[in-house]
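Hi,

Here is the structure I said I would pass on.

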Amino acid sequence: MRAPHVFIETFGCQMNEYDTELVRSILTANCYRFTDSADTADVVLLNTCAIRENAHNKVYGHLGALKSLKEEKGLVIGVLGCMAQNLKKDLLEEHSLIDVLAGPDSYRALPELLEQAAVGQKGMAVDLSEYETYADITPKRVDGVAAWIAVMRGCDNFCTFCVVPYTRGRERSRDFAGVVREAEALAASGCKQVTLLGQNVNSYRDGAHDFADLLLAVAEVRGIERVRFISPHPKDFPEKLLEAVAGHPKICKHIHLPLQAGNDRILRLMDRTYTRAEYLALVEQIRTCCPEIVLTTDIIAGFCSETDAEFTDTETLMRQVEYHSAYVFQYSERKHTIAARQYADDVPAGVKAARVTKLIEFQRGISLKKNREMIGKTVEVLVEGEGKRSCDQWMGRTDGNIVTVFPVSSAIKPGRLASVRIIDATITTLYAESV
Ligand code: 5AD
Ligand code: SF4
């Protein structure tokens, strides 16, 4: 009998991409095979995100598009990830298209759920676990230059706008030695860059080892040229961590430092646990310790009751810090969150949109300015592969994570560090020549 073929689509953050690799590993071990389109699949899995409403809408759109295929050939449809966790039974009842639901801590149950679904029995596994880290499962990665390792899962911060603590549960860290062994195995298979992942990555702890220890240990693995991490919270930046980033040549000089808002009252309502002044002091400390650092951020515009004047505080902070790039989001009320239960989502949609546009426009100018400042400089790029636009170009990233493209030359191969000179720049991309 032909092994059932699975098509899996991933929405949302890098943790979801990583979880898709875990699911591929679990299903491969259970004799499933993978395919790259729904047309050739027996099972379609959507690994979903719930962080903002548009993430939800995208998934509903994709589900609708699968309707005719399901009717035609009895496709099994599964919804995985945060949306499955958050919507639980609603999703099974509302959309009869769905056969299987599995939350982020329930992927080990997938083979059994899919088996039952194949004989017509719908099922779900959405319990959150205090322990599940999938530490014994090696993700089925696409072989390449860069890989992720999830070192912790879940989040205990409960920022009032955020659904993650509800969809991904309590914070838990993987064991230190296991992560280092995984990095060693990756290096042995030719991987050059490891990104340590976690919803709150710098709150990692295993016994006496904290996140700085882990970062340094992975950076010491032979064959690994670069170590990155995402996403940290500004509350967990002891000096030891800053010194590790500044001092170790293999730890990339890039920190993503989610701000969310620049006004103290809004930060308090969000329960971010820092003030504007404390955040700015941290930025100052980071830049003093590591002047070449590339800083990026996340911003939410139009949070509950944010006034024009309070919004302006976010704008002025962005002006002051001059991030290299920023993700700017409209506040989107999420079910179950503290904000949804306690505050009114009262900033009109048009005002939210105008605030987002204003910040994005401002940031584009700064990003362009910062990238243009790099023209004439020689930088090291880790070559990842062909450029998106042309196979005559290599694409790589600088230490600060800026996409750089340059003409293909036989002397340079993916997986190598190349010295290139920047000759031009746009908002998102550096153009370079080999030196
Ligand atoms: N509305 C808008 N943006 C949100 N984020 C998280 N929750 C929400 C929400 N309810 C943003 C934050 C976070 C990023 C991953 O997504 O900026 O840092
Ligand atoms: Fe959400 Fe805050 Fe946890 Fe980040 S730190 S995942 S924003 S609750």
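A word on the ground rules. This is a predicted model, so I kept to local features with pLDDT of at least 70 and counted side-chain atom pairs only at pLDDT 80 or more, while totals for chains, interfaces and linings use all residues. Residues are numbered from 1 along each chain as its sequence is written, chains are lettered from A and ligands numbered from 1 in the order in which they are written, and side-chain values use heavy atoms, with hydrogens and water left out.

**The cores**

In soluble globular proteins, nonpolar side chains tend to be buried together. A nonpolar core here is a set of buried Ala, Val, Leu, Ile, Met, Phe, Trp, Tyr and Cys residues joined through side-chain atoms within 4.5 Å. Buried means under 20% relative accessible area, exposed means over 50%, and partly exposed is in between (1.4 Å probe, protein chains only).

The largest nonpolar core has 71 residues, and Val151, Leu196, Phe211, Leu215, Ile255 and Phe303 have the most contacts inside it. Its top contributor is helix H7 (residues 211–219), with 7 residues. Helices (H or I, at least four residues) and strands (E, at least two) are DSSP runs, numbered from the N terminus. There is also a second, separate core of 26 residues, with Ile8, Met15, Ala125 and Trp148 among them.

Beyond its neighbours within four places in sequence, Phe211 is in contact (heavy atoms within 4.5 Å) with Leu196, Val201, Asn202, Tyr204, Phe229 and Leu241.

**The ligand site**

Which residues surround ligand 1? They are Ile51, Arg52, Phe161, Gln260, Asp298, Ile300, Phe329, Gln330, Tyr331, Ser332 and Arg334, where near means that a heavy atom of the residue lies within 4 Å.

- Phe161 has a backbone N or O atom 3.0 Å from a nitrogen atom of ligand 1.
- Gln260 places a polar side-chain atom 2.6 Å from an oxygen atom of ligand 1.
- Asp298 has a polar side-chain atom 2.7 Å from an oxygen atom of ligand 1.

On its own, ligand 1 has 400 Å² of accessible area, and the protein covers 87% of that. These areas come from the Shrake-Rupley method with a 1.4 Å probe; for residues, only the protein chains shown count as cover. E15 and E16 are the elements that give two or more residues to the shell around ligand 1.

Gln199 sits in the loop between strands E10 (193–197) and E11 (205–206). A polar atom of the Gln199 side chain lies 3.1 Å from the backbone nitrogen of Gly154. Not counting residues up to four places away in sequence, Gln199 also touches others, including Met15, Cys155, Arg168 and Ser231.

Ser231 is joined to Ile230 by a cis peptide bond, with omega about -10 degrees. Ser231 is in the loop between strand E13 (226–230) and helix H8 (239–247).

Phe158 is not a glycine, yet has a positive phi of about 50 degrees. Phe158 is partly exposed, with a relative accessible area of 25%. Thr273 also has a positive phi, near 70 degrees, and is exposed at 54% relative accessible area.

Ala147, in strand E7 (residues 146–150), is buried, with a relative accessible area of 8%.

Cheers

Note on methods. Polar contact = N/O pair within 3.5 Å; in protein donor to acceptor, adjacent residues only side chain to side chain.
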